[in-house]
Amino acid sequence: LSELEQRIRRALQAQADEVDDLVKEPAPRGPEGPRPIARFALAIAVVSSFVAVVGTALVLRTVSDQPASPGSGASSGDCPAPSFMPRFLPWLDDGDPVPAPEHVTEEGSTVLAWFEDGAREWRGPYVALRTSTQPLEKDLDGSEIVQVRGPDGQLVWVGDPGVGEVTIVWQEEEAGSCSWYSIHLSSAGMTEEEARATILRVADSLA
Amino acid sequence: MVTGTRERDRFAGSEERFLAIRRVAYVLTGDPHTADGLAQEALLRAAEAGIDLTDPRSHTYLRTVVTNARRRTGRRATKERQAWLQRRPQHAAGPDPTPPRSIGSGEIVNSLPWGARACVVLRYHEDLSINEIADLLEMPPGTVKSHLSRGVGRIRRALGEER
């Protein structure tokens with residue numbers, strides 16, 4: 001780890017150490033009234049009572065946020081899904097229809113993703129089309145300029161060139177706050193040239 | 001009212017796990033009360049799922065619950081944190097007993113957007129790999145790298161500005 005990374009690690013550790021004291025301070029009152037006094041023992045007592053009286057399934061089913069399973073729905077994000085999508089994916093035969101994408105939303109961006117064989121596996125071959133409020137990718141200075149849907153796009157390598165992770169980032173200002181787009185290809189095994197040619201073909205197919 | 005001894009036994013020996021996941025929740029949210037609630041919620045989910053909370057490996061499950069919950073309630077959590085921060089000086093009688101926080105206390109991390117913050121916390125507090133973070137946050141590894149690059153870059157610049 002670099003010195004900076006070690007410093008970040010220590011800072012997070014120090015911050016985490018504060019929480020035991022901070023929870024003793026009063027919690028803010030929201031519009032729905034005071035938040036429950038969050039205490040571990042109380043939680044145990046409450047759940048024990050509920051479980052004994054009402055039953056585990058009935059009580060706990062009302063609370064969401066189990067670990068998400070692959071393919072589960074996502075919460076609403078700040079950006080709508082792009083109104084266009086690729087008509088070419090590298091693992092499809094010519095003429096094969098592009099399947100419906102997976103949606104991934106997070107604060108400030110929405111991603112449509114297509115996975116080879118339909119398996120939601122981020123390590124495997126996939127294409128991701130993102131719209132976001134800001135250019136997410138790394139420093140764009142010095143990257144290759146390519147054309148995407150009219151505007152100039154910038155072709156950047158996420159990670160090291162030659163491992164098949166390549167992205168084209170561009171902006172469509174008329175799209176408002178979510179004006180930044182990127183199309184990403186991850187396909188291990190491709191050479192840098194193959195990945196570059198493939199992402200350009202995917203970008204050309206956006207419609 | 002009958003209290004379920006068997007149900008209570010599910011939590012036996014789990015306080016250490018609770019404190020650990022609350023620490024994670026706090027660095028993820030920046031709000032101690034939200035963190036406390038998330039940690040409790042995670043423990044309840046784990047109990048429902050029959051997870052052995054005395055097993056250190058249960059931390060992985062708890063971390064997933066907390067991360068998902070924070071991700072899905074981002075705006076609410078942010079508002080609660082702002083409310084808490086606004087309330088603190090009013091609550092404190094006299095000078096704020098909390099010493100001024102240096103830039104190294106994690107305040108920079110608090111200021112990061114959710115994606116960058118989550119990636120930084122999971123990478124440097126939880127020691128997860130890029131792929132593990134990608135799986136947990138359900139985002140491409142390339143996006144994780146971008147978030148990390150952006151987050152660490154902001155921290156570096158903030159540190160540089162402070163010096």
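**Confidence, helix packing and cores of the predicted model**

Among the elements of chain B, the lowest mean pLDDT, 46, belongs to helix H5 (residues 74-91) of chain B, and the highest, 91, to H7(B). The structure is a predicted model, with an ipTM of 0.75 and a pTM of 0.50. For chain B the average pLDDT is 75, and 69% of the residues score at least 70. Where pLDDT is low, predicted coordinates should not be read in detail.

Helix H7(B) packs against helix H2 (residues 15-29) of chain B, the two axes coming within 9 Å and crossing at roughly 145°. The crossing of H2(B) and H7(B) is right-handed. On the H2(B) side, the residues that meet the partner helix are Tyr26(B), Val27(B), Leu28(B) and Thr29(B); on the H7(B) side they are Trp114(B), Arg117(B), Ala118(B) and Val121(B).

The largest nonpolar core comprises 49 residues, of which Ile8(A), Leu12(A), Val120(B) and Ile155(B) touch the most other members. Helix H7 (residues 114-124) of chain B supplies the largest share of this core, eight residues. With neighbours within four places in sequence left aside, Ile8(A) is in contact with Val120(B), Tyr124(B), Val152(B) and Ile155(B). Another core, of 27 residues, lies apart from the largest one and includes Leu92(A), Leu185(A), Ile199(A) and Ala203(A).

In chain A, Ser109(A) is located in strand E4 (residues 109-115). Ser109(A) counts as buried because its relative accessibility is 2%, the cut-off for burial being under 20%. The side chain of Ser109(A) forms a polar contact of 2.8 Å with the side chain of Arg130(A).

Note on methods
Residues numbered from 1 in each chain as written. Chains lettered and ligands numbered in written order. Predicted model: local features only at pLDDT ≥ 70, side-chain atom pairs only at ≥ 80, totals over all residues. Heavy atoms only, no water. Helix = DSSP H or I, 4+ residues; strand = E, 2+ residues; numbered from the N terminus. Buried < 20%, exposed > 50% of the residue type's maximum accessible area, 1.4 Å probe, protein only. Polar contact = N/O pair within 3.5 Å; in protein donor to acceptor, adjacent residues only side chain to side chain. Core = buried A, V, L, I, M, F, W, Y, C linked by side-chain atoms within 4.5 Å. Contact = heavy atoms within 4.5 Å. pLDDT = per-residue confidence, 0-100. Axes fitted to C-alpha atoms, helices over the stretch in contact; angles between N-to-C directions. Left-handed = near helix turned anticlockwise from the far one by under 90°.
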